[in-house]
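Welcome, and please open your viewer. We will walk through one protein model together, selecting a few residues at each stop.

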Amino acid sequence: MKILDGFDPSFKAYGKVIDNVDFSSYIEKLGEVAIPENGVAYEPSVASLEAADCYETAQTVFGGELKLEFGYCAGHNTMLNALEYHRSSEINVFATDAILMLGLQKDIEDGFKYDTSKVVAYKFPKGTAVEVYATTLHYAPCGVDGNGFMVGIVLPYGTNFPLTKEHKAGGEDQLITAQNKWLIAHPEAAGEAGHYMGLYGKNCDINE
């Protein structure tokens, strides 16, 4: 799979590099969190991370004073497996080098199908922070050169928290898997059993 530099101009269709918030204190605290030896771990809101000096600044500058959550996604991964989106942008803060596989919400077809040949991969270096637009499809990052990854995840508070109501409206409502999270999975991804299987084509692997 071709992997583009995260500073390639084509990334502007998916997001932008953030240069007006200093996330170094967040990255420092992410360095205190252990990377799982196997699989992927995700926590949407972590008190120790939200104690970072940049938390209030991020809420003011990025959130427009909306309450935000500071969490993380970490582990070992090379596969696409699924794509998700939110009604809001997401900030990814790279405490290690990592790769994002991305798509565009506009390319979702009737019946909530999505052709994985449209997925594009970007590599970002440690210390970078990027906004991933609400219109961008994304999922778990991937490590670089077989290494584990640690990426801070900033979202409106409550995003990815457990659902509290039944969702039986049909249509897009069948994709919802957590608060402010709509997900389309690949049928070859065993870990996504029970989710809407709308991805077709190859289950992308950064090593292939």
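Helices (H or I, at least four residues) and strands (E, at least two) are DSSP runs, numbered from the N terminus. Residues are numbered from 1 along each chain as its sequence is written, and side-chain values use heavy atoms, with hydrogens and water left out. This is a predicted model: local features need pLDDT of at least 70, side-chain atom pairs count only at pLDDT 80 or more, and totals for chains, interfaces and linings use all residues.

**Stop 1: two asparagines in loops**

Select N180, which you will find in the loop between β13 (176-178) and β14. Most residues other than glycine have a negative phi. N180 is not a glycine, yet its phi is positive, at about 60 degrees. Is N180 buried or exposed? N180 counts as buried because its relative accessibility is 19%; buried means under 20% relative accessible area, exposed over 50%, and partly exposed in between (1.4 Å probe, protein chains only).

Now go to N81, in the loop between β4 and β5 (82-85). N81 also has a positive phi, about 70 degrees, without being a glycine.

**Stop 2: aromatic rings**

A pair of aromatic rings is described by the distance of the centres and the angle of the planes. Rings of Phe, Tyr and Trp (its six-membered ring) pair if their centres lie within 6.5 Å; planes under 30 degrees apart count as stacked, over 60 as edge-to-face and the rest as tilted. How many aromatic pairs does the structure hold? There are 10 aromatic pairs.

Show Y55 and F70 for one of them: this pair is edge-to-face, with 5.1 Å centre to centre and 85 degrees between the planes. Y55 belongs to helix α3 (residues 55-61) and F70 to strand β4 (residues 68-75), so this pair links distant parts of the chain, 15 residues apart. Both Y55 and F70 are buried.

Next, pick F112 and Y196, another edge-to-face pair, at 6.4 Å centre to centre and 90 degrees between the planes. F112 is in the loop between β7 (98-104) and β8 (114-115), while Y196 is in the loop between β14 (181-185) and β15 (199-200), 84 residues apart. Y196 counts as buried because its relative accessibility is 19%.

For a group view, select F11, Y14, F94, Y122 and F124, which ring pairs link into a cluster.

**Stop 3: charges over rings**

A charge sits over a ring if NZ of Lys or CZ of Arg is within 6 Å of the ring centre and within 35 degrees of the ring normal. Display K67 with Y157: the charged end of K67 sits over the ring, 4.1 Å from its centre. Then try R87, which lies over the face of W182 at 4.0 Å from the ring centre.

**Stop 4**

Why is strand β12 largely enclosed by the rest of the structure? It is enclosed because 8 of its 8 residues are buried.

Two strands pair if DSSP finds at least two bridges between them. β4 and β12 pair in the antiparallel sense over 8 bridges, and strand β6 (residues 90-94) pairs with β12, also antiparallel, over 4 bridges. Zoom in on G152 in β12: G152 is the bridge partner of Y72, and V93 stands opposite G152 too.

**Stop 5: an open sheet**

Now colour β1, β9, β7 and β11, which form an open sheet in that order, with mixed pairing. β1 (3-5) and β11 (136-137) stand at the edges with a single partner strand each, so one side of each is left without a neighbour in the sheet. β7 and β11 run antiparallel and are joined by 2 bridges; look for L104 opposite T136 in β11.

**Stop 6: the nonpolar core**

A nonpolar core is a set of buried Ala, Val, Leu, Ile, Met, Phe, Trp, Tyr and Cys residues joined through side-chain atoms within 4.5 Å. The largest one has 22 residues, of which F23, Y26, L30, L49, F70, Y72 and V93 touch the most other members. β4 gives the most to this core, with 4 residues.

**Last stop: cysteines**

A disulfide is a pair of cysteine sulfur atoms within 2.5 Å; a search of the whole structure finds 0. For C54, the nearest cysteine sulfur is that of C73, 18 Å away. C54 counts as buried because its relative accessibility is 4%.
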